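I opened a new structure today and kept notes as I clicked around. Here is what I looked up, entry by entry.

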Amino acid sequence: MDSRQPLKRSDTIADSMPDALRQSTYHMKRLFSRLVATGKRLLKRQHLMDEVEKSIEDKAERSKILEGLIGFIVISTQEAAVVPPYVAFAVRPNPGFWEFVKVDSENLHVAGISVLEYLKFKEMIFDPNWANDENALEIDFETINYNTSHLTLPSSIGNGASYISKFMFSKLSKNCESSRRLLDYLLAINHRGEDLLINENLNSVERLKTALLAANNVVSALPKETPYKNFEQRLKELGFEKGWGENAGRVKETMMTLCEVLQTPEPAKLDSLFSWLPTVFRIVIFSPHGYFGQSDVLGLPDTGGQVVYILDQVKALEEALLLRIKSQGLAVKPQILVVTRLIPDARGTNCNQELEPIINTKHSHILRVPFRTDNGVLQQWVSRFDIYPYLETFSQDCVNKILEHMECKPDLIIGNYSDGNLVASLVAQKLGITQANIAHALEKTKYEDSDVKWKELDAKYHFSCQFTADIIAMNATDLIITSTYQEIAGSKEKPGQYESHAAFTMPGLCRVVSGINIFDPKFNIVAPGADQSVYFSYLEKNKRLTSFHPAIEELLYNGQDNNEHIGYLEDRRKPIIFSMARLDTVKNITGLTEWYGKNKRLRDLVNLVVVAGFFDSSKSHDREEQEEIKKMHRLTEQYQLRGQFRWIAAQTDRHRNGELYRCIADTKGAFVQPALYEAFGLTVIEAMNCGLPTFATNKGGPAEIIVDGVSGFHIDPNNGDQSSNIIADFFEKCKMDAQHWNRVSTAGLHRIQECYTWEIYANKLLNMGSIYGFWRQLNKEQNLAKQRYIQLLYNLQFRKLARTVPVPTEQAQVYLPLPTTKPKKSRVPTAKPEKGPSTSTTALGKPGTQPAAETPLTRITSLQQKSSSIQMLCSIVVALWLIYYVMRMLYYKFTW
């Protein structure tokens with residue numbers, strides 16, 4: 001338990017710090033002299049603690065000081081900017097709350113400073129000229145959001161929809177104008193131009209209240225199961241349209257809910273109202289980067305958990321929509337489009353297919369739109385870091401394609417990751433649609449000091465574009481969906497992904513004084529689930545996919561290296577610790593391999609199996625993955641892991657991967673997720689749902705998924721020795737107590753079933769689509785002002801930055817004009833697609849080498865090649881004819 005003296009609620013750091021420093025003047029002078037002795041530098045908390053330890057050599061004295069207010073300030077400091085003679089502190093006493101002070105090292109004088117002043121201190125370390133530039137670009141969204149109502153307590157962060165319900169309750173109960181806004185919102189509800197719920201005859205709040213009472217008398221006299229069509233005309237005469245329910249009982253319930261909201265608008269009643277309003281039928285989901293497909297894509301560059309998340313999300317949303325539409329008494333077909341990039345060079349996947357039905361759905365499709373440049377359509381995959389030059393044109397093309405396919409505007413737009421969120425913002429702004437963003441992972445927190453050191457990293461990662469895009473999208477969207485609290489506000493020790501965007505500086509580019517406020521009610525925690533048809537307990541023997549067992553046996557234990565696995569497991573009796581992720585720095589698979597290699601006790605207890613990336617770095621187009629592949633080979637040799645370590649190439653078959661988890665559970669093994677940071681942790685959910693005891697990073701979402709020591713274990717990715725010993729301790733305990741493994745496995749299964757299901761997720765998200773649609777209308781004027789500010793930032797800053805990102809020219813591009821006529825309905829496939837000639841699958845589910853099926857793009861390429869050949873042949877014929885003609889003329893000249 002932390003015994004350090006905290007601040008009183010009324011105190012500030014600037015008020016309290018002087019007295020704390022005076023209590024240990026000698027030691028504090030020594031400390032601050034050390035801090036400024038080496039000149040300008042940026043210190044993190046650990047560096048600060050190291051300096052404290054060196055300055056106060058007496059252990060008892062040091063402990064006494066650190067148990068007081070000084071200790072609280074030091075442990076709450078995220079960083080300190082040293083610019084002699086000053087040391088400026090960024091102190092975070094609680095999630096979301098920051099204070100900034102500067103201390104004069106010569107006299108220990110303390111002064112409170114603003115966030116702007118603190119950012120300038122940091123800039124003095126990296127770019128003094130920028131720090132002193134009076135014309136430096138400053139971004140401050142607080143000036144636009146100054147009158148927006150916000151949450152106030154750290155514990156309430158991420159409960160935005162609940163807060164909005166309470167806020168609207170306050171408005172509706174006190175303000176007739178707000179009731180009128182609700183009426184206008186109801187009047188605007190329609191489906192393809194057909195009014196739903198009420199029509200223009202009920203154009204005042206009083207008329208609506210009177211009509212509701214009259215309608216209640218009508219439906220109360222009918223049996224509950226009476227179909228809506230039997231009394232539809234009577235309600236229509238009162239001013240009501242379809243959408244209230246499928247029968248008299250449901251209609252009475254929904255009408256009474258609205259009546260109660262208009263009379264006494266309690267928050268719970270408002271939540272109930274928005275949970276059934278027929279406002280969302282058509283959803284567009286953006287995910288531009290990577291290879292977005294349903295098979296043979298997982299493990300390809302930039303292609304991992306996000307694809308799985310979205311496909312599961314779509315299925316859950318469609319099921320929820322169908323149930324809602326039925327209960328609303330409507331004969332409407334929902335539509336969901338996942339809009340991604342069409343990649344002509346599809347590497348044996350379906351990513352060159354424009355429209356693809358989503359398997360196990362009836363009304364959902366993947367719509368692929370190509371990246372266009374001045375030279376035509378970009379053929380090859382492009383890294384998520386290099387994607388920004390294409391997004392503006394892509395968003396414009398997407399609008400046309402979406403309207404062609406849906407034949408009307410969507411009701412809700414959802415963005416994913418930085419690129420998808422920016423595109424969603426552009427499209428939502430153009431169409432006037434409610435927008436939701438899902439970050440999945442914000443890159444800024446993955447790379448330490450990536451803001452102030454952006455110039456060093458920009459050639460590789462283009463963070464100038466990405467961080468600007470993130471700030472634009474965060475502020476443009478109506479709601480932000482996160483999987484965990486930590487994603488927003490972090491922990492007591494460390495800021496969250498979004499909190500790190502509250503204020504930061506990129507010297508030479510811009511100074512973000514106020515980027516995003518994590519107390520904004522747009523933030524909502526909506527945890528996803530695991531697909532129960534794929535990831536189920538190893539104990540459900542009747543559901544086990546035994547047809548995969550021979551392939552999995554070969555995958556795990558075949559002694560020969562091949563293009564799918566290298567290394568071997570000499571002792572099959574050992575349990576397996578297992579990990580599966582992309583092979584990049586943040587996923588830290590090489591870190592896990594090194595922990596294992598160093599820990600003899602762990603190596604004696606278990607084997608290690610990892611599923612990640614390629615073996616040959618030349619096969620990867622991803623810079624990070626290439627380095628990690630080389631590192632993995634070095635570690636294998638350095639620690640002589642052969643016989644205890646199996647490296648399996650990235651696997652793309654989800655169903656077989658689910659059975660692979662269960663086969664690992666059969667060995668009484670465990671799953672390890674060692675990421676340096678993980679926004680959520682979908683593989684953690686999958687593994688736990690299959691019954692595998694799970695060890696997962698304490699940096700990010702997994703720390704909330706797992707109850708440490710009960711349903712799994714937290715490990716520190718920055719302390720490999722400690723983490724590997726936690727794993728070893730578990731397996732040693734399992735050897736002594738045969739039931740220990742079963743207890744942890746069972747607790748993990750219960751945790752997932754209680755808290756992480758897609759059904760809960762889908763209903764929450766659809767409710768929020770309605771709530772934030774109304775919230776958007778209530779804040780129309782303020783949103784307009786903010787949009788103007790965002791447009792300035794986009795046009796004057798982002799577009800310029802995007803133009804600096806190189807566009808690849810090494811591969812031929814194809815000119816593909818956009819269609820000018822609307823496609824016929826028949827072009828939308830409705831049947832479940834069969835695997836065509838574009839891919840072949842081995843027994844292990846890996847893509848084969850058959851050529852991809854011919855597409856419009858490949859046909860164009862072929863035609864262009866044929867045309868070039870014909871032109872060359874014609875040129876040769878003409879040249880030969882000219883030579884013949886000249887020779888003939890010369891012959892006649894000299895012979896005559």
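These are my entries, starting with the whole chain and then going place by place.

**Entry 1: the overall picture**

First, a reminder to myself: this is a predicted model. I looked up the secondary structure and got 31 helices and 27 strands in the protein. I then asked how much is tucked away, and 58% of the 896 residues count as buried. I also checked the contacts with a separation of 6 or more, and 72% of those in the protein are between residues 24 or more positions apart.

**Entry 2: cysteines**

How many disulfides does a search of the whole structure find? The search comes back with zero. Cys663 has 12% relative accessibility, which is under the 20% cut-off, so I put it down as buried. Cys755 comes out at 32%, so that one goes down as partly exposed.

Next I went to helix 27, residues 720–736, and helix 28, residues 738–755. Their axes are 4 Å apart, and the helices pack at an angle of about 125°. Are the two oblique or roughly perpendicular to each other? Roughly perpendicular stops at 115 degrees and roughly antiparallel needs over 145, so helix 27 and helix 28 are oblique.

I listed who meets whom. From helix 27 I have Phe730, Lys733, Cys734 and Met736, and they meet Ala738, His740, Trp741 and Val744 of helix 28. Sorted by type, the residues of this contact are six nonpolar, one polar and one charged.

**Entry 3: Gln313**

Then I picked Gln313, which lies in helix 14, residues 305–327. Is Gln313 buried or exposed? Its relative accessibility is 0%, so it counts as buried.

What does its side chain do in there? The side chains of Gln313 and Tyr761 are joined by a polar contact of 2.8 Å. Setting aside neighbours within four places in sequence, I found Gln313 in contact with Ile285, Ile414, Ile438, Trp758, Tyr761 and Leu765.

**Entry 4: Arg192**

I found Arg192 in the loop between strand 7 (190–191) and strand 8 (194–195). At 42% relative accessibility, Arg192 is partly exposed.

Which residues does Arg192 touch, not counting those up to four places away in sequence? My list reads Arg282, Gln335, Met406, Glu407 and Cys408. I looked at three of these partners in turn:

- With Gln335, Arg192 makes a side chain to side chain polar contact of 3.2 Å.
- At Met406, the side chain of Arg192 reaches the backbone oxygen at 3.1 Å.
- Cys408 sits 216 residues away from Arg192 along the chain, yet their C-alpha atoms are separated by 7.0 Å.

A note on what to expect: most residues other than glycine have a negative phi, and most peptide bonds are trans. I went looking for exceptions.

The peptide bond from Pro84 to Pro85 is cis, with omega near 5°. Pro85 is in the loop between strand 2 (77–83) and strand 3.

His440 is not a glycine, but it has a positive phi of about 65°. I located His440 in the loop between strand 16 (434–438) and helix 17 (454–461). With 18% relative accessibility, His440 still counts as buried, because the cut-off is 20%.

Lys668 is not a glycine either, and its phi is positive too, at about 60°. Lys668 belongs to the loop between helix 24 (654–666) and strand 25 (670–673). It is partly exposed, with a relative accessible area of 36%.

**Entry 5: buried parts of two helices**

In helix 1, residues 13–22, I marked Ile13, Ser16, Met17, Pro18, Ala20 and Leu21 as buried. What covers them? The cover includes helix 2 (25–37), helix 5 (69–76), strand 3 (86–94), strand 4 (97–104) and strand 5 (110–112).

Last stop was helix 21, residues 589–598.

Key. Residues numbered from 1 in each chain as written. Predicted model: local features only at pLDDT ≥ 70, side-chain atom pairs only at ≥ 80, totals over all residues. Heavy atoms only, no water. Disulfide = S-S within 2.5 Å. Buried < 20%, exposed > 50% of the residue type's maximum accessible area, 1.4 Å probe, protein only. Axes fitted to C-alpha atoms, helices over the stretch in contact; angles between N-to-C directions. Parallel < 35°, antiparallel > 145°, perpendicular 65-115°, else oblique. Contact = heavy atoms within 4.5 Å. Nonpolar A, V, L, I, M, F, W, Y, C, P; charged D, E, K, R; others polar. Polar contact = N/O pair within 3.5 Å; in protein donor to acceptor, adjacent residues only side chain to side chain.
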